[in-house]
Amino acid sequence: MLLNSIDWPAYIKVMEQLLDVPVDEPRRQELEVQLTRMEKMAEPLIDFPLPERQEVAGIYKL
């Protein structure tokens, strides 16, 4: 379970300003619904325990 849920309305408002993309109220509400839904779907992945030491992939240089 996520400890700190994101304040989606504030996030949407900030992203709207940063991206200079005006969003009307119905679309803003739907974005909040979809972001909340994705947050819930991601919880099991975020909660999945990883081993203390994961083997790092090789670094390739030209």
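A crossing of two helices is left-handed if the near helix is turned anticlockwise from the far one by less than a right angle, and right-handed if clockwise. In this predicted model, α1 passes α2 in a right-handed crossing. Helices here are DSSP runs (H or I, at least four residues), numbered from the N terminus.

The axes of α1 and α2 come within 10 Å and cross at roughly 120°. That makes α1 oblique to α2.

Now look at the charges. Side chains of opposite charge can pair when their charged atoms come close. A salt bridge needs a side-chain nitrogen of Lys or Arg within 4 Å of a carboxyl oxygen of Asp or Glu. The count comes to 2 salt bridges. E16 pairs with R28, with the closest N and O atoms 2.9 Å apart. E16 lies in α1 and R28 in α2, so this pair ties together parts 12 residues apart in sequence. E25 also forms a salt bridge with R28, at 2.8 Å. Shared partners join E16, E25 and R28 into one network.

E16 counts as buried at 17% relative accessibility, and E25 as partly exposed at 42%. Buried means under 20% relative accessible area, exposed over 50%, partly exposed in between (1.4 Å probe, protein chains only).

Residues are numbered from 1 along each chain as its sequence is written. Local features need pLDDT of at least 70, side-chain atom pairs count only at pLDDT 80 or more, totals for chains, interfaces and linings use all residues, and side-chain values use heavy atoms, leaving out hydrogens and water.

Key. Axes fitted to C-alpha atoms, helices over the stretch in contact; angles between N-to-C directions. Helix = DSSP H or I, 4+ residues; strand = E, 2+ residues; numbered from the N terminus. Parallel < 35°, antiparallel > 145°, perpendicular 65-115°, else oblique.
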